[in-house]
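This report describes the backbone features, strand pairing and helix packing of the structure shown below.

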Amino acid sequence: MTPSTRLTASLLLLAAPVTAGPAAQEEGPLDLGKLLSAHSKLARGVVERAEEHRLQVLVAEVVEDAAGELTLRRSRLGAPDAYFYPASSIKTAAAVAALEFLNELNAERGLALGLDTELVYAPLFEDEQLEDEDASNLDGGRITVGHEIRKLSIVSDNRAYNRLFELVGQERLDASLLRAGLPSFHLVHRLSEARTPAENRQLPSIALRDPATETVFTLSARSTKPLPPPADHPSLLCGRAWIGGDDVRHEEPFRFHDKNRVDLLELQDFLVELVRPEVDTGRRGFPGLTVDQRAFLLDAMACLPRDSANPAYDPEKYPDDYVKFLLPGLARVVPAESLRIWNKVGLAYGFTIENAYVEDARTGRGFFVAVALYTNPNETLNDGVYGYDETAFPFHANLGETLGRHFLQPGEER
């Protein structure tokens with residue numbers, strides 16, 4: 001399926017109304033622990049040690065309430081207040097904030113900035129590298145807003161996220177999420193760059209060029225004010241030891257106090273507001289996005305690396321499940337070509353995050369799932385030795401299969 005036909009199919013599926021019969025409406029929350037434990041020994045082991053793994057699973061099914069409104073029936077596993085490092089799962093928030101910012105500039109200054117707007121960054125730090133290592137992933141040699149959104153969505157490109165983070169800054173990113181009714185998001189740093197809190201508030205000079213009109217609007221280098229610190233919590237301390245940038249081992253828990261954070265429920269609702277904005281989450285969402293902008297975001301989130309022509313990715317290096325942790329398990333239930341997964345994953349410090357809306361294109365059946373899992377057998381952070389291959393990825397696959405059998409198969413086959 002080409003990207004254009006995939007987009008058309010995605011929009012048609014998402015536009016279809018979702019209803020629930022009376023029996024479905026009367027169902028209560030799922031016993032996720034029981035469902036998962038029955039699937040495999042590995043899943044049962046993770047569930048039994050849920051606190052150790054900081055395990056959280058949130059499942060949401062779109063249903064119709066008594067008034068005929070679409071809402072969510074949720075099921076939860078794990079402690080909702082346990083900290084997890086969100087890693088790349090928050091990248092789409094920068095994409096949304098960037099598009100809102102362009103819309104504001106257009107309205108205020110009569111500009112015509114959009115997805116094709118070229119971004120030209122001035123150097124900010126002495127050690128930074130401005131060019132991409134892989135020139136084939138540049139849009140005709142240019143950095144554009146749309147191109148960076150696709151890169152951070154399709155292969156979770158860190159530099160693409162950092163560029164959009166620098167375009168909007170902490171304050172504007174925070175304001176976007178507060179307006180949407182998502183106050184737990186606290187995004188304060190670039191990814192995979194060792195910067196101080198003060199450096200993360202510094203933003204470079206950026207020239208925004210409209211390729212159609214050659215109009216250039218320049219954002220001056222600036223520094224934003226610190227965001228109010230969120231509440232402290234014991235779970236912000238993690239592990240028993242950590243390795244510093246100087247390769248020195250520190251025999252103490254790693255502190256996540258200055259790191260990004262978000263509640264898993266709000267992370268899921270962020271996705272609901274993008275993918276199914278007609279569903280009532282009780283939040284404002286993102287009404288400022290245009291229909292075309294939302295369609296572009298959805299296409300990028302669902303696109304597999306092999307389906308992307310610009311930027312182009314080697315399928316050997318970027319297989320279908322590269323940033324779709326549930327896919328191997330889901331494909332045991334539904335043919336892979338019939339699956340649609342709008343998602344964003346995260347992976348760092350032993351944490352694996354999945355935030356997804358899964359749908360079977362043949363039937364329109366679907367569900368939301370958000371997962372936070374910590375796997376670190378030696379309890380040492382920054383040593384590069386985590387339980388991803390042994391535990392995390394198999395668990396996500398098992399979860400995908402379990403939920404796929406429950407939600408995507410006909411009732412008599414569950």
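## Strand pairing

Strand 9 (residues 241–243) and strand 10 run antiparallel and are joined by two bridges. The model is a predicted one. In this pairing, Ile243 has Arg249 of strand 10 as its bridge partner. The two strands belong to an open sheet of three strands, with the order 10-9-15 and mixed pairing. Its edge strands are strand 10 (249–250) and strand 15 (380–381), each of which pairs on one side only.

A second pairing involves strand 12 and strand 13 (residues 351–360). These run antiparallel, and 10 bridges join them. Within the pair, Asn343 stands opposite Ala356 of strand 13. Strand 12 (residues 339–348) is mostly covered, with nine of its 10 residues buried. The hairpin formed by strand 12 and strand 13 has two residues between the strands, and Tyr349 takes a positive phi near 55° there.

Is Arg54 buried or exposed? Arg54 counts as buried because its relative accessibility is 14%, and the cut-off for buried is under 20%.

Another backbone feature is the peptide bond from Asn310 to Pro311, which is cis, with omega near 5°. Pro311 is placed in the loop between helix 10 and helix 11 (327–330).

## Packing of helix 6 and helix 10

Two packed helices are described by the angle between their axes and the distance between the axes. Helix 6 (residues 145–154) packs with helix 10 (residues 291–302) at an angle of about 35°, and their axes are 7 Å apart. The crossing of helix 6 and helix 10 is right-handed. On the side of helix 6, the contact is made by Gly146, Ile149, Arg150, Ser153 and Ile154. Helix 10 contributes Phe296, Leu297, Asp299, Ala300 and Met301. Sorted by class, the contact of helix 6 with helix 10 holds six nonpolar, two polar and two charged residues.

## Cysteines

How many disulfides does a search of the whole structure find? The search returns zero. For reference, a disulfide is a covalent bond between the sulfur atoms of two cysteines. Cys238 is buried, with a relative accessible area of 1%. Cys303 is also buried, and its relative accessible area is 2%.

## Overall composition

The protein chain has 12 helices and 15 strands. Of the 414 residues in the protein chain, buried residues make up 55%. Contacts in the protein chain can also be sorted by sequence separation: among those between residues at least 6 apart in sequence, 68% join residues at least 24 apart.

Note on methods:
Residues numbered from 1 in each chain as written. Predicted model: local features only at pLDDT ≥ 70, side-chain atom pairs only at ≥ 80, totals over all residues. Heavy atoms only, no water. Disulfide = S-S within 2.5 Å. Buried < 20%, exposed > 50% of the residue type's maximum accessible area, 1.4 Å probe, protein only. Axes fitted to C-alpha atoms, helices over the stretch in contact; angles between N-to-C directions. Helix = DSSP H or I, 4+ residues; strand = E, 2+ residues; numbered from the N terminus. Left-handed = near helix turned anticlockwise from the far one by under 90°. Contact = heavy atoms within 4.5 Å. Nonpolar A, V, L, I, M, F, W, Y, C, P; charged D, E, K, R; others polar. Pairing = 2+ DSSP bridges.
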